[in-house]
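Student: I would like to work through this structure with you step by step, keeping to what can be computed from its atoms.

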Number of protein chains: 2
Amino acid sequence: MRILIVEDEPGIANFLRDGLEEEAFAVDVAGTGNKGLEMAQLNEYDIILLDWMVPGISGIEVCRQIRKENAVVPIIFLTAKDTVNDIVFGLEAGANDYIKKPLQFEELLARIRVQLRTREGEHAILNVGNIEMNLETHQVFNNSKEIVLTQKEFSLLEYLIRNKGKVCTRTRIIEHVWDIHFDADTSVIDVYIKFLRKKLDMGNDYIHTIRGVGYIMRED
Amino acid sequence: MRILIVEDEPGIANFLRDGLEEEAFAVDVAGTGNKGLEMAQLNEYDIILLDWMVPGISGIEVCRQIRKENAVVPIIFLTAKDTVNDIVFGLEAGANDYIKKPLQFEELLARIRVQLRTREGEHAILNVGNIEMNLETHQVFNNSKEIVLTQKEFSLLEYLIRNKGKVCTRTRIIEHVWDIHFDADTSVIDVYIKFLRKKLDMGNDYIHTIRGVGYIMRED
DNA sequence: AAAATTTTTTAAGGTAATTTTAAGAATTAA
DNA sequence: TTAATTCTTAAAATTACCTTAAAAAATTTT
């Protein structure tokens with residue numbers, strides 16, 4: 001899952017990035033409103049965290065602009081203010097939720113999960129066939145037998161399962177899992193698909209190759 | 001262990017916080033019913049202390065709401081009232097226990113231990129493999145041989161054992177054990193993991209490292 | 001109040017695991 | 001058959017963790 005953080009304070013931004021990367025998100029950080037808006041327009045994020053008091057264009061304005069062009073991406077705003085008025089104002093500008101500073105990471109994570117859930121109707125447990133992923137405990141099971149995956153393997157598997165039944169193009173995979181947004185002359189995806197197929201002992205049963213396009217995860 | 005105190009009188013709240021922190025709990029305080037409800041909904045607490053007479057939403061209402069969404073978290077209510085009716089009323093609203101003001105800290109602590117015990121079907125003694133923690137006496141044994149741990153070591157071990165079988169991310173550890181909620185550019189977790197591994201002479205048998213994520217405690 | 005002790009935190013170099021690169025082999029489609 | 005694409009493997013590069021020692025902070029003793 002790909003997330004954009006618009007936040008100028010490096011302390012908070014780094015805290016969020018580290019924590020979210022541990023939770024297997026692909027994280028981008030923008031330090032100004034303008035930069036954040038630009039990144040939101042150019043990339044497809046699964047969720048956006050937006051500080052209300054960033055330099056450059058105000059958070060509210062960034063939110064309005066994003067919402068004008070993208071009706072679905074969930075936006076959570078971070079605010080030091082907490083008067084009812086400010087919150088209403090923020091929600092009216094198109095935000096889906098808000099969280100007050102100082103931030104409690106688990107609270108934020110709970111709110112993020114709520115947004116992703118309502119949008120996608122899923123639980124903290126994803127599965128295909130006999131493969132089960134628990135996003136909270138970071139565990140993967142194949143026929144109830146635990147499989148230890150590295151961070152990148154986990155992240156790739158999550159992306160494929162979340163999109164099961166749909167083709168995942170190489171470009172989308174490299175963007176959502178590796179967070180690379182330019183021409184990537186790399187075979188890293190092939191290698192990781194190989195890792196997953198091997199570790200999960202699934203041959204080509206789950207991850208099917210679509211030549212010239214990418215991969216697709218199928219139940220059967 | 002993470003605890004939420006919903007209490008408006010600063011004197012009592014501080015008294016409780018200090019005492020519970022000495023017992024190695026990570027403590028959050030909410031001064032109003034609304035705030036308390038919100039925090040309870042967004043965070044995972046191991047136990048909640050709820051004053052019956054807080055400003056904002058009443059304690060009873062807070063309790064009902066929390067219980068509606070979370071069937072397991074133990075709730076102990078603090079009350080100046082002590083008629084049978086009030087107590088019944090409170091327990092019917094979903095509380096697990098009550099304690100009368102003025103508070104005796106030892107009594108409160110005992111009731112907290114009872115709740116944590118009954119909730120998890122365990123004694124005041126936690127264990128993994130041959131390692132045993134006695135929460136009341138603050139002692140740790142490895143194969144019946146006592147191991148002396150410092151406060152932080154004890155607290156970290158407790159968190160890991162209570163979450164055994166689940167991955168504890170670095171961010172979660174730093175929040176639950178150190179109560180730090182911002183970017184922590186620190187290697188203090190690594191060092192304490194090392195301390196525990198050394199003192200408990202367990203090599204990597206119990207505490208497994210999950211690179212890029214955190215640690216997990218396993219029985220075998 | 002100062003000194004001694006213990007606990008906690010910081011910092012830095014070494015080490016091991018993960019991630020990426022790269023190149024030849026195998027497969028597929030035209 | 002040829003050209004393009006993917007698979008497979010191994011090695012290089014990078015990153016995160018481990019380990020150690022010492023500094024800083026907190027606590028206890030003198």
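Student: What percentage of the 220 residues of chain A count as buried?

Tutor: The model is predicted, and the answer rests on a cut-off, since a residue is called buried when its relative accessible area is under 20%, with the protein chains only taken into account. Applied to the 220 residues of chain A, that criterion gives a buried share of 54%.

Student: How many helices and how many strands make up the secondary structure of chain A, and what share of its contacts between residues at least 6 apart in sequence join residues at least 24 apart?

Tutor: The secondary structure of chain A comprises eight helices and twelve strands. When the contacts in chain A between residues at least 6 apart in sequence are taken as the reference set, the share that joins residues at least 24 apart is 58%.

Student: How many of the twelve residues of helix 6 of chain A are buried?

Tutor: Helix 6 of chain A runs over residues 151–162, and its span of 16 Å from first to last C-alpha is close to the 16 Å expected at 1.5 Å a residue. Its buried residues include Phe154(A), Leu157(A) and Ile161(A), and also charged ones such as Glu153(A), Glu158(A) and Arg162(A). Helix 6 of chain A is thus mostly covered, and the number of buried residues among its twelve is ten.

Student: Which three residues supply 32% of the area that chain A buries against chain B?

Tutor: The contact draws 21 residues from chain A and 24 residues from chain B. Between the two chains about 2100 Å² is buried, with carbon and sulfur atoms giving 45% of that area. On the side of chain A, the three residues that supply 32%, more than any other three, are Glu22(A), Gln104(A) and Glu106(A).

Student: How do the residues of the surface near DNA strand D divide into nonpolar, polar and charged?

Tutor: There are 19 residues around DNA strand D, with Thr209(A), Gly212(A), Tyr215(A), Thr209(B) and Tyr215(B) the closest. Helix 8 of chain A and helix 8 of chain B, both spanning 188–199, each contribute at least two residues to this surface. By class, the surface divides into five nonpolar, four polar and ten charged.

Notes. Residues numbered from 1 in each chain as written. Chains lettered and ligands numbered in written order. Predicted model: local features only at pLDDT ≥ 70, side-chain atom pairs only at ≥ 80, totals over all residues. Heavy atoms only, no water. Near = heavy atom within 4 Å. Helix = DSSP H or I, 4+ residues; strand = E, 2+ residues; numbered from the N terminus. Expected span 1.5 Å × (residues − 1). Buried < 20%, exposed > 50% of the residue type's maximum accessible area, 1.4 Å probe, protein only. Contact = heavy atoms within 4.5 Å. Buried area = accessible area lost by both parts, 1.4 Å probe.
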